[in-house]
Amino acid sequence: MKNYHTHTSRCMHAVGNDEDYVVSAIRSGYTVLGFSDHTPWKYNSDFVAGMRMHITQFDDYYKSIKGLKEKYKDQIDIKIGLECEYYPRYMNWLKDLVKEYNLDYLILGHHYYETDEYYPYFGSYANNNEYLDDYVDSVIEGLSTGLFSYVAHPDLYCRARNWDKYCEQAAHKLCAYCKEHDILMEYNLAGVRYTAHKKDMKYPHINFWKIAAQYNIKAIIGVDAHNPKDLEDKTTYNLALKTLQDLGIEVVEDIEYLKK
Ligand SMILES: [Zn+2]
Ligand SMILES: [Zn+2]
């Protein structure tokens, strides 16, 4: 098993220390563990985000994971990445960061349009059709940069609304693009876990994945761990695997890393 979607407590909505995640992953039989905490951004304003590490914490994030990579190298292959939105105005800064630290990979977790300084969470506000269009268009624009190894929770917008023809159109557009460009789509286990408790979480959405199956999309399962124990939750993993297999969707475990 391999997982590339792992957070740390720096994002302020995850718990446990970094090493706990590694220990849980090893205990659970993972051979690759990728850390992809919510990226910091170097905002042009004095905005402070409540769901990501501050830019001053990045160095500690990197050094901590790097230390664990070395410490556990005989037991598990640890990769250092980030989960990022696509913020056109800040992409050059992000590219420089990736280069400076020689990061292994980025995943596109597109939570906000343009920048979270000025735009609201897609997971709540894509109930507005115009904002749903913005989601789809900016995910595609983000993926076209070639920076991202896969798209995390592509169906995040389903969280904001009941399935309708606009959700369907969005799914077709996203799946068509990913098929054409051979981009992996993540089946997000945080969504599965939340949906089990909260009825208002509607992703991963079965209708979205039925459309993904029509396009022969390749899926990757992302634990989206916000708690070390999430890595030991085999029930959720197996449920996801079965759903994808029943839909006839190919599940892959390997991603392409950034060129160094
Ligand atoms: Zn998170
Ligand atoms: Zn996310």
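## A covered strand

In S6, both faces are covered: Leu184, Glu186 and Asn188 on one side, and Met185 and Tyr187 on the other, are all buried. Here buried means under 20% relative accessible area, exposed means over 50%, and partly exposed is in between, with a 1.4 Å probe and protein chains only. Strand S6 spans residues 184–188, and five of its five residues are buried. Strands (E, at least two residues) and helices (H or I, at least four) are DSSP runs numbered from the N terminus.

This is a predicted model, where local features need pLDDT of at least 70 and side-chain atom pairs count only at pLDDT 80 or more. Residues are numbered from 1 along each chain as its sequence is written, ligands are numbered from 1 in the order in which they are written, and side-chain values use heavy atoms, leaving out hydrogens and water.

## Neighbours of S6

Strand S5 (residues 150–151) runs parallel to S6, joined by two bridges; strands pair if DSSP finds at least two bridges between them. Tyrosine 150 stands opposite leucine 184. Four bridges join S6 to S7, also in parallel, and there tyrosine 187 has isoleucine 221 as its bridge partner.

Histidine 13 lies in the loop between S1 and H1 and histidine 226 in the loop between S7 and H9, so the pair ties together parts 213 residues apart in sequence. Histidine 13 is partly exposed at 36% relative accessibility, while histidine 226 is buried at 11%.
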